[in-house]
Amino acid sequence: MRDGEMTEIDLSRALLGWYDRHARVLPWRIGPAESAAGQRPDPYRVWLSEVMLQQTTVAAVKAYFERFTMLWPTVDDLAAAPDESVMGEWAGLGYYARARNLLKCARMVSNELGGAFPQTREGLIALPGIGPYTAAAIAAIAFDEPETVLDGNVERVMARLFDIHTPLPTAKPELMTRAETLTPRRRPGDHAQAVMDLGATICTPKSPACGICPLRDPCAARRAGTAAELPKKTAKKPKPTRHGTIYLGQRGDGAWLMERRPDKGLLGGMLGWPGSDWGEAAVDAPPVAADWTVLPGEVRHTFTHFHLVLSVHIAPLPLDCAPERGFFVDKHAFRRSDLPTVMRKAFDLARDAIKDRA
DNA sequence: GACTCGTGGAA
DNA sequence: TTTCCAAGAGT
């Protein structure tokens, strides 16, 4: 079949037919049969999943989604939760501004909107943490509004389907236009999820499974043999390496000296160990005078835009210790799982060193 | 438009 | 080991 013989309606129909048979079963979804029959998923669960899924894999999100909905089944429950609880439960998932905005958004919906999410893209995008993609996704999936989502999956599928070689992000408007032409008036929510499922399971970044793709016939890139090299992307800058020092001090009663990081910036709002700034070289900056010991080895961690090497120092602290910065977290209140990953790595290094010494 | 902002799995 | 990258948003 040639390109011109398949209309947008044909493409959309082929995709929905595939979705009806192969839709992934996910905790925040209803099935395609229920959706086609007019049922809708819980907007709270759709919103929560979409925020968690921003730049994050389905595999990583599942456990967090289950835990959040167990602790806070409704948006009102989440709105009433203490900041530290939500940040602690988000720890390890990354991009912590999402958690801060999640709480802001939940409290706006609960306190100002009567606990009901806006049903339109315009209403949703006005809320914190909800951008162009997420607003369209919630409107389409939760309310079956005829909105078009454009995420990494959709970009890849469109670039291949229409053999577009313009590099991202320049190509975004063009890809959006293409995606819009495929969005059907019936079942736009299922259509959105169908394109994303296709991108996640068939039209994958590396070695796409074109042989079993429902759109293999109309796909221009497959015909041209360029599918695997699309979409084109502009080259990224190399990551510099930064160095720093952090301090794990433990009082005789087992309490740890910790600090809450400021809301703005890296790991904003998260619990962590006090330390130096991170720069060209590691500098000494203990939070309190004590007998600090440098641990052998180091913590290595890579963030989005730099590598980090941390020197870890430990010290026993007196019961009457009065540090300039931070506060003590009681031995029984301390939870490793409340920490972002880089802070967990430092804790593990210190824990092992203390264990080996004993 | 350019930067910032996490993490873990796959190749 | 390094690179890529996953349902992006905020500044």
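At what angle do helix α10 and helix α11 pack, and how far apart are their axes? The legends below begin with this pair. The model is predicted: local features require pLDDT of at least 70, side-chain atom pairs count only at pLDDT 80 or more, and totals for chains, interfaces and linings use all residues. Residues are numbered from 1 along each chain as its sequence is written, chains are lettered from A and ligands numbered from 1 in the order in which they are written, and side-chain values use heavy atoms, with hydrogens and water left out.

**Figure 1. Packing of helix α10 on helix α11.** Helix α10 (residues 152–161) packs against helix α11 (residues 172–182) at an angle of about 85°, and their axes lie 9 Å apart. Axes are lines fitted to C-alpha atoms over the stretch in contact, with angles from 0 to 180 degrees between N-to-C directions; helices are DSSP runs (H or I, at least four residues) and strands likewise (E, at least two), numbered from the N terminus. The two helices are therefore roughly perpendicular (65 to 115 degrees). Val154, Glu155, Met158, Ala159 and Leu161 of α10 meet Lys172, Leu175, Arg178, Ala179 and Leu182 of α11 (contact: heavy atoms within 4.5 Å). By class, this contact comprises seven nonpolar, no polar and three charged residues (nonpolar: Ala, Val, Leu, Ile, Met, Phe, Trp, Tyr, Cys and Pro; charged: Asp, Glu, Lys and Arg; polar: the others, Gly among them).

**Figure 2. Packing of helix α1 on helix α12.** An angle of about 75° relates helix α1 (residues 8–22) to helix α12 (residues 188–201), whose axes are 9 Å apart. Helix α1 is therefore roughly perpendicular to α12. From α1, the contact includes Trp18 and Tyr19, and from α12, His191 and Leu198 are among the residues involved. Seven nonpolar, four polar and two charged residues form this contact.

**Figure 3. The protein surface near DNA strand B.** DNA strand B is surrounded by 19 residues, the closest being Tyr96, Leu267, His301, Thr304 and Thr341 (near: a heavy atom within 4 Å).

**Figure 4. Individual atom pairs at DNA strand B.** A polar side-chain atom of histidine 301 lies 2.5 Å from a phosphate oxygen.

Technical notes:
Polar contact = N/O pair within 3.5 Å; in protein donor to acceptor, adjacent residues only side chain to side chain. Parallel < 35°, antiparallel > 145°, perpendicular 65-115°, else oblique.
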